[in-house]
Amino acid sequence: MSKGNWEAAHSSKNDCWRTPDDVYLPLHKEFDFVLDAAADAANARCPDYIDRAKHALSDTPWMSYTSATGSIWCNPPYGRYVGLWLKRAYEAAQRSDCSVVCLVMASTETRWWAEWVWKASEVRFLTGRVHFLDENGLPRAACPKGSAIAVFDPGYDGPPKVSLWKRKPV
């Protein structure tokens, strides 16, 4: 992996990555997402989304950004603030009657993982590396690390059920 690809995946300089269908669609079918908590017009996976202008890391409850009923999807920027995103995801699940499902790097050695991901009800480690899509919907280089799905449920405070998720092409 080139230095440029590693830096892109670990920085907040480019966070306009769309979740590929082979990850998102099976989860959407299972959880019925109504809100994308970390998106913009180019990469949103739900009609309702929280963009930079709305500032998802503020104290505003995430479900106040939609009138629909369902779960929240969050593919946070893979940068230094990912811990704040996971904290907000956990809090959003605790404040509402919905699940919050996050796609994150499988960084089990980090503080944010220990503090927040282990509070999830479920963690699914993905087989293979995720190929995110750019603003034009084209596949980019694979993420430099493995990924995981963290499912936060209302009233649940860990530890999570842990499993391996073998993705299938859609």
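Figure 1. Phe125, at 21% relative accessibility, counts as partly exposed. The ring centres of Trp113 and Phe125 lie 5.9 Å apart with the planes at 25°, so the pair is stacked. Rings of Phe, Tyr and Trp (its six-membered ring) pair if their centres lie within 6.5 Å; planes under 30 degrees apart count as stacked, over 60 as edge-to-face and the rest as tilted. Trp113 belongs to helix α4 (residues 111-115) and Phe125 to strand β5, 12 residues apart. Helices (H or I, at least four residues) and strands (E, at least two) are DSSP runs, numbered from the N terminus. The model is predicted: local features need pLDDT of at least 70, side-chain atom pairs count only at pLDDT 80 or more, and totals for chains, interfaces and linings use all residues. Residues are numbered from 1 along each chain as its sequence is written, and side-chain values use heavy atoms, leaving out hydrogens and water.

**Figure 2. The edge-to-face pair of Tyr78 and Phe132**. The whole structure contains 10 aromatic pairs. In one of them, Tyr78 and Phe132 are 5.7 Å apart centre to centre, with 85° between the planes. Tyr78 lies in the loop between β3 (71-74) and α3 (82-95) and Phe132 in the loop between β5 (122-126) and β6 (147-152), so the pair ties together parts 54 residues apart in sequence. Tyr78 and Phe132 are both buried.

**Figure 3. The salt bridge between Asp21 and Arg45**. A salt bridge is a side-chain nitrogen of Lys or Arg within 4 Å of a carboxyl oxygen of Asp or Glu. The closest N and O atoms of Asp21 and Arg45 are 2.8 Å apart. Asp21 is in helix α2 (residues 21-31), whereas Arg45 is in the loop between β1 (33-36) and β2 (48-49), 24 residues apart. Asp21 is partly exposed at 33% relative accessible area; Arg45 is buried at 14%.

**Figure 4. Lys119 with Asp157 and Tyr90.** Lys119 and Asp157 meet through their side chains in a salt bridge (3.4 Å, N to O). Asp157 lies in the loop between β6 and β7 (161-165) and Lys119 in the loop between α4 and β5, so the pair ties together parts 38 residues apart in sequence. The charged end of Lys119 also sits over the ring of Tyr90, 5.0 Å from its centre (NZ of Lys or CZ of Arg within 6 Å of the ring centre and within 35 degrees of the ring normal).

Conventions:
Buried means under 20% relative accessible area, exposed over 50%, partly exposed in between (1.4 Å probe, protein chains only).
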